[in-house]
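This report describes the fold of one protein chain and then turns to a few of its residues. Please keep the sequence and the model in view while reading.

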Amino acid sequence: MNVEVNNTKLNTWIKEVSDLCQPDSVYVCNGSKDEYDQMIKTLLDSGIAMPLDKRPNSYLFRSDPSDVARVEDRTYISTTSQDEAGPTNNWMAPNELKAIMKDLYKGCMKGRTLYVIPFSMGPIGSPISKIGVEISDSPYVVINMHMMTRVSDRVLELLGTDGDFIPCLHSIGAPLAEGQEDSKWPCAPIDKKYISHFPEENLIWSYGSGYGGNALLGKKCLALRIASAMARREGWMAEHMLILRLTNPEGKQYHIAAAFPSACGKTNLAMMQPSIPGWKCECVGDDIAWMKIGPDGRLYAINPEAGFFGVAPGTSYETNPMAMDSIRENALFTNCALTDSNEVWWEGMDGDPPAHAIDWKGNDWTPASSTDAAHPNARFTARASQCPVICEDWEKPEGVPIDIFIFGGRRSTVVPLVQEAFNWDHGVFLGSTAASETTAANIGSVGNLRRDPFAMTPFCGYNMGDYFKHWLDMGDKLGDKAPRMFYVNWFRKSEDGKFLWPGFSDNSRVLKWMCERVDGKVETQETPIGLLPKEGDLDVDGLEVSKEDFQELFKIDTDAWKTEIPDIEKHFSKFGDRLPERLKKQLDEFRKRLD
Ligand code: SAT
Ligand code: MN
């Protein structure tokens with residue numbers, strides 16, 4: 001071990017894991033630039049990292065084609081009783097799951113270095129932050145954790161001799177025999193991958209994958225699955241939400257937190273530059289919000305992460321210039337294509353596609369190829385501090401006060417551009433019944449409609465019926481200080497399959513209407529599904545959307561909504577008696593309004 005660790009729990013754990021996994025060496029990370037550079041050098045020497053000529057200090061990585069996204073089917077919430085994990089989570093009893101995984105962990109780091117990565121989610125030392133330590137045998141994980149979390153020896157200092165932390169054990173599951181040549185992206189086959197959470201003891205065990213949320217354990221595993229379970233016990237919220245600050249031309253600030261499923265535009269909205277004059281948008285976070293009620297009774301949010309792990313395809317100067325500027329240097333790219341001039345490329349990037357490139361699998365690619373050059377879940381990693389519109393208060397320990405909650409998903413039909421909830425309970429009903437067409441962020445089929453309550457289906461660390469109850473309880477506590485709730489759908493399509501709404505910077509028009517609702521400046525039209533903007537209230541100055549398309553965007557087809565009812569009933573029935581009565585009442589009232 002390169003340094004002495006003084007924390008008793010950490011020392012014992014490192015020893016236990018070393019005995020089990022049998023690495024060649026143990027290295028304790030300090031988060032320094034030197035350490036980062038050293039890791040990059042090792043990755044360059046072994047040909048795993050590819051340097052990019054046009055982006056200083058930036059590198060491309062290619063994963064194994066079997067290891068390209070989160071694996072929800074292999075993700076477990078392991079609690080003593082299955083009921084505690086609930087119907088939306090895979091479950092196995094802790095003893096059983098641990099026995100299987102201990103077998104897999106046995107000798108799994110042979111030929112590799114065990115990295116100890118001390119990190120903080122949230123500013124180091126802040127009362128709302130949580131300390132985790134990830135043990136991993138992947139240098140790719142180390143450099144990504146450097147950007148996505150606060151890795152530092154100050155974390156170890158803070159832990160002292162007896163401080164507590166959340167242990168996050170990760171192995172790619174690919175031991176090296178003596179003299180065996182390593183592959184470029186070692187990992188275990190899909191049926192050996194396990195992403196396991198033990199929320200009763202705040203513990204994470206991940207095995208077999210090196211990609212994103214499966215391996216960077218501070219993100220979905222700690223900051224959502226484990227944190228959501230802690231939040232419920234302790235009376236706060238851990239949500240799959242971006243956080244942004246919108247400032248109107250008079251200088252009034254509004255803070256918005258929005259929940260959309262993975263790969264549905266959170267990063268784009270978080271960094272959006274308004275198309276309406278005089279309005280300003282700044283990013284606080286693009287994926288996760290931790291929220292607590294402050295001394296004034298309002299809800300305050302922090303972004304526990306330190307970087308972005310964003311979907312590359314579709315990101316361009318047209319759709320998200322601030323993301324493009326965030327990744328000009330010091331960025332990591334995974335599963336993007338590589339052009340002949342050593343530059344990354346992906347579908348939807350500005351300009352013409354390159355005449356020739358090497359695709360994400362390492363094969364020759366031309367625009368005539370029948371396959372994508374970049375994987376649809378190709379990602380960039382960059383520090384949040386590199387974002388030109390990062391909010392000056394993004395690291396404020398007390399967070400920013402939330403005025404507006406937005407829920408939504410990807411729906412090509414039925415759901416209008418925007419609606420406001422009648423009240424908190426109705427908002428919780430909208431959040432709990434949110435549905436979205438599936439994306440490439442998970443291994444599985446793409447484009448199927450699934451209910452994804454609050455965009456938390458893959459991330460809720462306990463019974464989702466109880467999670468709905470927690471939302472209702474938080475509303476009761478917040479009372480008239482509760483944020484207003486809205487539901488949006490940027491993705492409605494016309495019959496001939498084109499998007500009806502331009503989205504991106506024009507989403508500011510919808511946000512402006514929400515702010516005006518908060519200020520009581522505009523009235524609404526009441527419909528069976530919620531409150532819609534009155535004609536003329538949505539600012540469409542300078543926007544080229546035809547009258548017909550506009551009508552289509554806001555059309556409420558009662559028959560189509562009636563066909564949603566059986567699906568919502570089926571969805572709710574899964575939760576049995578854990579489904580709060582107040583949501584049953586909401587469904588009854590919805591049914592009546594549609595009649
Ligand atoms: O791979 S991650 O879980 O980090 C990205 C996502 O699915 O949101
Ligand atoms: Mn996400």
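## A partly exposed alanine

With a relative accessibility of 27%, Ala-263 counts as partly exposed; buried means under 20% relative accessible area, exposed over 50%, and partly exposed in between, with a 1.4 Å probe and protein chains only. Ala-263 is placed in the loop between strand S13 (253–259) and helix H9 (266–270). Helices (H or I, at least four residues) and strands (E, at least two) are DSSP runs, numbered from the N terminus. The phi angle of Ala-263 is near 60°, a positive value in a residue other than glycine.

## Basis of the model

This is a predicted model, in which local features need pLDDT of at least 70 and side-chain atom pairs count only at pLDDT 80 or more, while totals for chains, interfaces and linings use all residues. Residues are numbered from 1 along each chain as its sequence is written, chains are lettered from A and ligands numbered from 1 in the order in which they are written, and side-chain values use heavy atoms, with hydrogens and water left out.

## The chain as a whole

The chain contains 16 helices and 31 strands. Its C-alpha trace spans about 70 × 55 × 45 Å along the principal axes. For 595 residues, a compact globule would have a radius of gyration near 25 Å, and the 24 Å of the chain agrees with this; the radius is taken over C-alpha atoms, and the globule rule is 2.2 Å times the number of residues to the power 0.38.

Of the 595 residues, 62% are buried. Among contacts with a separation of 6 or more, 73% are between residues 24 or more positions apart, where contact means heavy atoms within 4.5 Å.

## A second residue with positive phi

Asn-330 is not a glycine, yet it has a positive phi of about 50°. Asn-330 lies in the loop between helix H10 (321–326) and strand S18 (332–334). Its relative accessible area is 23%, so Asn-330 is partly exposed.

## A buried glutamate

Where does Glu-305 lie? Its place is the loop between strand S16 (299–302) and strand S17 (307–311). Glu-305 has a relative accessible area of 1% and is therefore buried.

The side chains of Glu-305 and Lys-219 are joined by a polar contact of 2.9 Å. A polar contact is a pair of N or O atoms within 3.5 Å; within protein, one must be able to donate a hydrogen and the other to accept it, and residues adjacent in sequence count only if both atoms are side-chain atoms. Leaving aside neighbours within four places in sequence, the residues in contact with Glu-305 include Arg-150, Asp-286, Asp-287 and Trp-394.

## An enclosed helix

Helix H11 covers residues 424–432, and because 9 of its 9 residues are buried, it is largely enclosed by the rest of the structure. Among these buried residues are Trp-424, His-426 and Phe-429. The buried residues of H11 pack against several elements, including strand S25 (404–408), helix H12 (464–478) and helix H16 (581–594).

The N-terminal end of H11 is capped by Asn-423, with a side-chain oxygen 3.2 Å from the backbone nitrogen of Asp-425.

## An aspartate in helix H2

Asp-37 is found in helix H2 (residues 33–45). With a relative accessible area of 30%, Asp-37 is partly exposed. The side chains of Asp-37 and Lys-33 make a polar contact of 2.8 Å. Asp-37 and Ile-143 are 106 residues apart in sequence, and their C-alpha atoms are 9.1 Å apart in space.
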